[in-house]
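Me: I would like to learn how to read a structural model residue by residue, and I would be glad if you took me through one slowly. Please give me the general idea each time, and then the case at hand.

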Amino acid sequence: MRKKLVAGNWKMHGSLQANAALLERLKAGMPGLQCEVAVCAPFPYLAQLQALLASTQVRWGAQSVSEHVSGAYTGEVSAAMLCEFGCRYVLVGHSERRSLFGESDAVVAAKFVAAREVGLVPILCLGETLAEREAGATAAVVSRQLDAVIDRAGVAALASAVVAYEPVWAIGTGVTASPAQAQEVHAAIRKRVADLDAGLAEGLRILYGGSVKPQNAAELFAQDDIDGGLIGGAALVADDFLAICQAAG
Ligand code: PGA
């Protein structure tokens, strides 16, 4: 039985004051939740998360990481630095990184490797655009993105990673994939991993992301291959995020 994970992706939102208020509400809502809960914040707030969450069940992480260990990479943040701030998770390959910051499949794979090398758990984001879906290319795109990481890191590396299926057309749009649409892709991802290592695939957590709301979370999380969610907009509203966590059990 895979333990569900609900991870918030704050994107480039927040302030010290707003974060403190949000985290207080989250901490207060944790008792009774069965799922694992995490928040992924902008880099400057990781120290705040470490201070406020260290003695709680809420885990935290970053939204990106450099593929390099150290060196002359102005503006970059290394995986080892994230560890110093107690991060457990880091998003890699979020569609906004891919589309707005030019991260190729190869760069995403390198970031995945850099994260794992220091013991961070990468949350590998995969997903097709609307044009790709309409062209019937969803499975091919998601497989290509996944294979880039498997080819580079080896399938065994997925044992200490999480996958998030986030159709680009559902992110921040209010349009959610239907539970059946999401389940179909999740099952295909698990099958692709199972073809290489069945046992590993059985334990792999595959999150769904893209306009998850309190109203649609329970039905999505009830699908066989949906093991939680990666939550953007609704993660900034304590009541909504907690309601989504409750839907995950
Ligand atoms: P959304 O974002 O929940 O606002 O659609 C999800 C994400 O980008 O991870």
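Me: In which strand does Val-39 lie?

Reply: Helices (H or I, at least four residues) and strands (E, at least two) are DSSP runs, numbered from the N terminus, and Val-39 belongs to strand E2, residues 36-40. Before we go further, note that this is a predicted model, in which local features need pLDDT of at least 70 and side-chain atom pairs count only at pLDDT 80 or more, while totals for chains, interfaces and linings use all residues. Residues are numbered from 1 along each chain as its sequence is written, and side-chain values use heavy atoms, with hydrogens and water left out.

Me: Is Val-39 buried or exposed?

Reply: Buried means under 20% relative accessible area, exposed over 50%, and partly exposed in between (1.4 Å probe, protein chains only). Val-39 has 1% relative accessibility and therefore counts as buried.

Me: Which residues does Val-39 touch, not counting residues up to four places away in sequence?

Reply: Contact means heavy atoms within 4.5 Å. With residues up to four places away in sequence left out, Val-39 touches Gly-8, Trp-10, Leu-23, Leu-26, Leu-49, Leu-53, Arg-59, Trp-60, Gly-61 and Phe-241. As for Gly-203, it is 164 residues from Val-39 in sequence and 22 Å from it in space, C-alpha to C-alpha.

Me: Where is the place of His-94, and which side chains does it meet through polar contacts?

Reply: A polar contact is a pair of N or O atoms within 3.5 Å; within protein, one must be able to donate a hydrogen and the other to accept it, and residues adjacent in sequence count only if both atoms are side-chain atoms. His-94 sits in the loop between strand E4 (89-92) and helix H4 (95-100), and its relative accessible area of 3% makes it buried. Its side chain has a polar contact of 3.5 Å with that of Asn-9 and another of 3.3 Å with that of Glu-166. Neighbours within four places in sequence aside, the contacts of His-94 are Asn-9, Lys-11, Cys-125, Glu-166 and Ile-171.

Me: Where is Ser-66 found, and which backbone nitrogen does its side chain reach?

Reply: Ser-66 is in the loop between strand E3 (59-62) and helix H3 (79-84), where it counts as buried at 3% relative accessibility. Its side chain reaches the backbone nitrogen of His-68 at 2.9 Å. Beyond neighbours within four places in sequence, Ser-66 is in contact with Glu-76, Val-77, Ser-78, Lys-111 and Ala-114.

Me: How many salt bridges does the count come to?

Reply: A salt bridge is a side-chain nitrogen of Lys or Arg within 4 Å of a carboxyl oxygen of Asp or Glu, and by this rule the count is 17. One of them joins the side chains of Arg-97 and Glu-103 (3.0 Å, N to O); Arg-97 is partly exposed at 25% relative accessibility, whereas Glu-103 is buried at 8%. Glu-103 also forms a salt bridge with Lys-111, with the closest N and O atoms 2.9 Å apart, and Lys-111 is buried, its relative accessible area being 4%.

Me: Which parts does the pair of Arg-190 and Asp-227 tie together?

Reply: The closest N and O atoms in the salt bridge between Arg-190 and Asp-227 are 2.8 Å apart. Arg-190 lies in helix H8 (residues 179-194) and Asp-227 in the loop between helix H10 (214-221) and strand E8 (228-231), so the pair ties together parts that are 37 residues apart in sequence. Salt bridges that share partners join Arg-2, Arg-190, Glu-202, Asp-225 and Asp-227 into one network.

Me: Where is the place of Arg-205, and which residues is it in contact with, leaving aside its neighbours within four places in sequence?

Reply: Arg-205 is placed in the loop between helix H9 (198-203) and strand E7 (206-209), and it is buried, with a relative accessible area of 14%. Once its neighbours within four places in sequence are left aside, its contacts are Arg-2, Lys-3, Lys-4, Leu-5, Glu-36, Tyr-89, Val-162, Val-163 and Asp-227.
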